[in-house]
Amino acid sequence: MSDSAETLHVLIVDDEQDIREGSERILTRMGFNISKATNGQEALDLFKNKRADIVLLDLKMPGMDGMEVLEKIRSIDDSTIVIVITGYATVETAIMAMKQGAYDFIPKPFEPDQLRMVVNRASEKVLLKMAAEKLDRERQRTLLDLGTEKSRIRTIIESLPNGVLVTNTLSQVVLMNPAFRQLMGFDNSHPMGENIQAYFPDEDLCKLIMEISQGRHIDFEDIPEYEFSISKNQQFMIKGRPVLGQKNECLGAVVTMVDITALKLFDQLKSEFVAKVSHELRSPLSTIHEQLAVVLSDMMEIAPETDKKILGRAKEKTHSLISLIGDLLDLSRIEEGVICKEPEPVQIDALLKSIIAFLRDKADAKQQSLTLEILDDHPPEVLADPLALESIFGNLITNAINYTPENGNIHVKVAVAGINIKIEISDNGFGIEDKHLDKIFERFYRAKNDQTRYITGTGLGLPIVKELVQSLGGFVDVESTFGKGSTFTVLLPVALST
Ligand code: ADP
């Protein structure tokens, strides 16, 4: 018998003491809880007070007879299992009792095994019924939970300020929230169920969403954000992600849409403001710088050392300010797309030679070697604005010189790598600590330590390099070991020969 059977409660109703006590002994050993009644009325009183799971009921008792007790018990709780006990003479009554809802019967006199078998069978039925009821309650609860969860999620999606659209694997739209309809200017009757192309008038965007819906971007990292506009003064940022099932299979795509019109305008105003202020500051600062240089050279012979030091510092500071302004203007021009406007085929080896020649004095001043190695005799041309390339490699080689101590080595290597040309600028200088590596391409970030603290800079060189390389369809990365040196690698697509 299972453990839970121990909790079942059996009521024995019989006017014969031997039967009551004999049955109690057997059933107690089987693990049941027992109560006993000597007549029908007592049995009913007990039953009303505490339900029994199984009732063993003698049909022939003085006073209220078993049939009447059976009827009353069943009218109080018809799930109770009643087993009737009856003498040979009343087998027919027993059959009648079965018709009235009794579960089984035991003829008197009975062997302990007979009682065990019948009660065991009844208890199994009770336990099965209990298990089924429990399962049903759990199922109801899960359904209820699911129901509330579903409506909760729906309410959240409906009230999101950002547009949300969901597709299935066939790229058909299965859900749009009110914000999406409003951003796209659709009314409430705009139908769902059509292909994504019916909702976005942008071919590339639709292609991307179709690819995501078909499960071609399970690893989300490679999904680009997409900017798109339906009119001149409304711009949106779109992000698509696959909806994954339990086995990581793609079920469709979820697309979120944010109105970035105000942000774009703000960004443009900021760039214009920075460009304007920088422009206005550049001429007076250059004049101050030049005049300081003149004054300094005039008083070279006569002025006291301290005055020369003060003026020298002022000249240095104005020079830093002029570089900062130059970098800010460069960044504004890149943002406006002015710098890379006119791409032309450029022979990268020749361009690098001229940049190195220009920077040679700077390296010589620190007794550094500055070498160029070209692995292919005639490396293919790169399609780019030469000014952009000058800025990229000018910045990287200047950094290598600046962040390498005296007597160090700076080496520039050019090689063809598939459809790209690879340029590596290596130095054996101070190197960069790991914690700074992923931040040095951010604007104004400078990784300072005891050795580099006194090197002046703006923290804008590498952001400029990154923006320019990206606008040329290329890639820039860095590897560095602190205390040993750094290698910046630039990959640029080669110009396709026509
Ligand atoms: P800046 O040189 O004006 O500070 P950059 O954006 O060019 O700004 O560089 C950002 C930071 O990256 C520098 O401050 C420096 O800490 C680090 N860095 C750049 N190039 C090198 C290099 N070749 N070796 C060591 N550190 C470098």
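Here are some notes on the ligand site and a few backbone spots in this predicted model.

1. Ground rules. This is a predicted model, where local features need pLDDT of at least 70 and side-chain atom pairs count only at pLDDT 80 or more, while totals for chains, interfaces and linings use all residues. Residues are numbered from 1 along each chain as its sequence is written, and side-chain values use heavy atoms, with hydrogens and water left out.

2. Who is around the ligand. There are 19 residues around the ligand, and Asn399, Tyr403, Arg446, Thr458 and Leu462 come nearest (near means a heavy atom within 4 Å). By type, the shell has 10 nonpolar, seven polar and two charged residues. Here Ala, Val, Leu, Ile, Met, Phe, Trp, Tyr, Cys and Pro count as nonpolar, Asp, Glu, Lys and Arg as charged, and the others, Gly among them, as polar.

3. Polar contacts (pairs of N or O atoms within 3.5 Å). The side chain of Asn399 puts an N or O atom 2.8 Å from a ligand oxygen. Asp427 has a polar side-chain atom 2.9 Å from a ligand nitrogen. Gly461 uses a polar backbone atom, 3.3 Å from an oxygen of the ligand. As for cover, the protein hides 96% of the 530 Å² of accessible area that the ligand has on its own (Shrake-Rupley method, 1.4 Å probe).

4. Which elements build the shell? Helix H11 (386-402), helix H13 (461-471) and strand S17 (485-493) each give two or more residues, and H13 has the largest share, with three. Helices (H or I, at least four residues) and strands (E, at least two) are DSSP runs, numbered from the N terminus.

5. Two leucines to look at. Leu11, in strand S1 (residues 9-13), is buried at 2% relative accessibility (buried is under 20%, exposed over 50%, partly exposed in between, with a 1.4 Å probe and protein chains only). Its C-alpha is 4.8 Å from that of Val55, 44 residues away in sequence. Leu127, in helix H5 (residues 112-159), is also buried, at 17%, and its C-alpha is 8.7 Å from that of Leu8, 119 residues apart along the chain.

6. Backbone spots to check by eye. Most residues other than glycine have a negative phi, and most peptide bonds are trans. The Lys108 to Pro109 bond is cis, with omega near -10°, and Pro109 lies in the loop between strand S5 (104-108) and H5. Asn248 has a positive phi, near 70°, in the loop between strand S9 (234-244) and strand S10 (250-259). Gln367 has a positive phi of about 50° and is partly exposed at 46% relative accessibility.

Definitions and conventions
Polar contact = N/O pair within 3.5 Å; in protein donor to acceptor, adjacent residues only side chain to side chain.
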